[in-house]
Amino acid sequence: MASSGTVQYQPGQRWISDSEAELGLGTILTSDGRLLTVLYPATGETRQYSLRNAPLTRVRFAPGDEITHFEGWKLTVQEVEDIDGLLVYHGFDAEHRSVSLPETQLSNFIQFRLASDRLFAGQIDPLNWFALRYHTLEHRSRLLQSKLWGLGGSRAQPIAHQLHIAREVADRIAPRVLLADEVGLGKTIEAGLVIHRQLLSGRASRVLILVPENLQHQWLVEMR
């Protein structure tokens, strides 16, 4: 039996991958003191993990759970027995006969797809992962509330009057405006910023741009 901190690994134990739950139920094959080898029979794949931080969760069912033998018959768990590190489930099958099912004979196709299943199975992400997601969503929320949201993603360097005009126009529900700045003051950039904001906000899903033929190349270059 190999151990890592309080975690003990033994050949035959059933574990599930925290990062690749679609592999199904894994079986511990070997441990050489540093590396842990796990076979996933449902897919025929093998993985090796560092013994110190293997992304695995032990599969342990509780009384009342219904589990499946690899041959297909089911058992309702009444009692769980730990024999030298391997679990044996005792209970009743569909015909109410008393049967036992060692964890080595569990179905290989068990997966925890629902959030509730993952929670009850103890397949929970580390707290720092949750904190990262939380702070990412918090930062995204601040960006969405910014007055410059959707106006700062262009490759150009907008100047003050362009940002002012773009923001004033983009904040309107259905903008109908005439951009009449003098030549060279960046009307194309202003229009591009407005279009970008409208697309990001969902107020527009498609944009049709009509320009004179001699300006097509300019718009094509500046809109990229």
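Leucine 199 counts as partly exposed because its relative accessibility is 38% (partly exposed lies between buried, under 20% relative accessible area, and exposed, over 50%, with a 1.4 Å probe and protein chains only). This is a predicted model, in which local features need pLDDT of at least 70 and side-chain atom pairs count only at pLDDT 80 or more, while totals for chains, interfaces and linings use all residues. Residues are numbered from 1 along each chain as its sequence is written, and side-chain values use heavy atoms, without hydrogens and water.

**Helices 4 and 5**

- Helix 4 (residues 187–201) contains leucine 199; helices (H or I, at least four residues) and strands (E, at least two) are DSSP runs numbered from the N terminus.
- Helix 5 (residues 216–223) holds glutamine 218, which is partly exposed at a relative accessible area of 32%.

**Strand 3 and its partners**

- In strand 3 (residues 14–17), Arg14 and Ile16 on one side are buried, and so are Trp15 and Ser17 on the other, leaving both faces covered.
- Strand 3 pairs with strand 4 (residues 25–31) in the antiparallel sense over 3 bridges; pairing requires that DSSP finds at least two bridges between two strands.
- Within strand 4, threonine 27 is the bridge partner of arginine 14.
- Strand 7 (residues 56–58) also runs antiparallel to strand 3, joined by 3 bridges.
- Serine 17 has leucine 56 of strand 7 as its bridge partner.
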